[in-house]
Amino acid sequence: MSGRNLSWFDWRIALVLIVIAGSFAAVLAFPEWVPLRYIWAAAVATAAFASPRATLVVGIFATFAAVLGTLLVGNARAPLFWVDIIGYLLLVALSYVIAVRRSRSEELLRTQATTDALTGLANRRLLVDRLQAQLQVRGADQSSAVIYADLDDFKTVNDNFGHTIGDEVLIRASERLLGCVQEADTIARFGGDEF
């Protein structure tokens, strides 16, 4: 399968869908022994690892399977049937909310791990990762450039005017550096007053 991009494919979601389909088949084969709620054990679990969109799609698929299973095995008693459907839809909504919160937390952690908190620039870790990626992508006949700069007498600014003014100088310097590069370039705060 080389050459194909399967970045959209997630084995965990495929496994959840197989479990839901298997549970659906088990309900049809053994309606007295296998409750429809087993379908939901897998569907709600997707909120722990899947994207919010995938969680929503799996939840809707599980709701459809549960409702269809209820109709096919003849357990659709009017008041309880509607209570079940409302319960399933509430579980879809809850799973979606959990997935959104988890996704936001992961994005925040990713950002904190790769971004300088003061300037918003890439940090040393992200810079090294991008340099390594650039070296792997570039061939022997292609060139890249790295420019290293530090602020002269920055320690004097911190000592004489305080760290608040020093932080402001670093922020202004990062803004000026960002104005001098193209969008594809990386500006990073390597540490202290080093860019």
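1. Start with Asp 116: at 15% relative accessible area it is buried (buried is under 20%, exposed over 50%, partly exposed in between, using a 1.4 Å probe and protein chains only). Its side chain meets that of Arg 189 in a salt bridge, 3.2 Å from N to O (the criterion being a side-chain nitrogen of Lys or Arg within 4 Å of a carboxyl oxygen of Asp or Glu). This pair ties together distant parts of the chain, 73 residues apart: Asp 116 sits in the loop between helix 4 and helix 5 (124–137), and Arg 189 in the segment after helix 7 (163–178). Arg 189 is buried too, with a relative accessible area of 15%.

2. A word on ground rules. This is a predicted model, so to speak: local features need pLDDT of at least 70 and side-chain atom pairs count only at pLDDT 80 or more, while totals for chains, interfaces and linings use all residues. Residues are numbered from 1 along each chain as its sequence is written, and side-chain values use heavy atoms, with hydrogens and water left out.

3. What about the other salt bridges? The search of the whole structure turns up five salt bridges. One of them joins Glu 106 to Arg 102, with the closest N and O atoms 3.2 Å apart. Both residues lie in helix 4, four residues apart, about one turn of the helix. Glu 106 is partly exposed at 36% relative accessibility, whereas Arg 102 is buried at 16%.

4. Glu 168 comes out partly exposed, at 33% relative accessibility.

5. On the overall fold, the protein chain has seven helices and zero strands (DSSP runs numbered from the N terminus, H or I of at least four residues for helices and E of at least two for strands). Its radius of gyration is 27 Å, well over the 16 Å that the globule rule gives for 195 residues, so the chain is more spread out than a compact globule (radius taken over C-alpha atoms; the rule is 2.2 Å times the number of residues to the power 0.38). The C-alpha trace spans about 80 × 45 × 25 Å along its principal axes. Of the 195 residues, 28% count as buried.

6. Tyr 96 is in helix 4 (residues 78–114) and counts as partly exposed, at 34% relative accessibility. Neighbours within four places in sequence aside, Tyr 96 is in contact with Pro 52, Thr 55 and Leu 56 (contact means heavy atoms within 4.5 Å). The C-alpha atoms of Tyr 96 and Asp 152 are separated by 51 Å, the residues being 56 apart along the chain.

7. Two more residues to look at. Asn 158 is in helix 6 (residues 154–161) and is buried at 16% relative accessibility; leaving aside neighbours within four places in sequence, Asn 158 touches His 163 and Gly 166. Asp 10 lies in the segment before helix 1 (11–29) and is partly exposed at 21%.
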